[in-house]
Amino acid sequence: MLFAFICWAVLGLFFIVWGIYMFFAKSAKPFGFWANAEVAEMKDVKGYNHALGKLWCVFGVLLILVGLPMLGGQNTAGVIFSILGTMLLSIGAMIVYVVVIEPKYRKKSPNHKNRTLLIRSYIQIISEILWLTSKRTRIPLKLIKEKEN
């Protein structure tokens, strides 16, 4: 398991180095967050790149910390924490980018406000679904049909 943690830590270090590179880059082009997607126009490219660099550095450090249960030995239950933690960490990074970083630095367009409201409503729906799932409550089909009428 030591080899697995070393590979995990190298991946975390890659994200940290990538974040440092973004933070100190003198490029006039904004770096992208999503793979194979064009980056929208930003009003403050340097500030945007700094924010994205900080996000990747924090992501890399937390990724290494989430991988620590791998040092517990083979067939330990803590590896589940590493897997689920990585998933939650990735979703958290996406949320920070979409809700905090992109709206702050993106040049405003006529549809920008509608897009932000749509994204926030999606996040609210997902959080409500997760809350219902965690409470293990079931909404009877009869109640749903009554609400529709």
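**View 1. The buried residues of α1 pack against α2 (45-66) and α3 (78-105).** Contact means heavy atoms within 4.5 Å. This is a predicted model: local features need pLDDT of at least 70, side-chain atom pairs count only at pLDDT 80 or more, and totals for chains, interfaces and linings use all residues. Residues are numbered from 1 along each chain as its sequence is written, and side-chain values use heavy atoms, without hydrogens or water. Phe-5, Trp-8, Ala-9, Gly-12, Phe-15, Ile-16, Gly-19 and Met-22 are the buried residues of α1 (buried: under 20% relative accessible area, exposed: over 50%, partly exposed in between; 1.4 Å probe, protein chains only). An α-helix has 3.6 residues a turn, so residues three or four places apart point the same way.

**View 2. Helix α1 from end to end covers residues 2-24.** Helices are DSSP runs (H or I, at least four residues), numbered from the N terminus. At 1.5 Å times one less than the number of residues, the 23 residues of α1 should span 33 Å. The end C-alpha atoms are 33 Å apart, which agrees.

**View 3. A nonpolar patch lies on the surface.** Leu-2, Ile-6, Val-10, Val-58, Val-61, Leu-62, Leu-65, Leu-68 and Leu-71 form this patch, with about 780 Å² of accessible area together. α1 and α2 are the elements that give two or more residues to the patch. α2 gives the most, with four. Leu-2 lies in α1 and counts as exposed because its relative accessibility is 55%. Patch residues have over 30% relative accessible area and no salt bridge, and nonpolar side chains (Val, Leu, Ile, Met, Phe, Trp, Tyr) are joined within 5 Å.

Key:
Patch = residues over 30% accessible without salt bridge, like charges linked within 9 Å, V, L, I, M, F, W, Y side chains within 5 Å. Areas by Shrake-Rupley, 256 points an atom, 1.4 Å probe, with all protein chains shown as cover. Salt bridge = Lys/Arg side-chain N within 4 Å of Asp/Glu carboxyl O.
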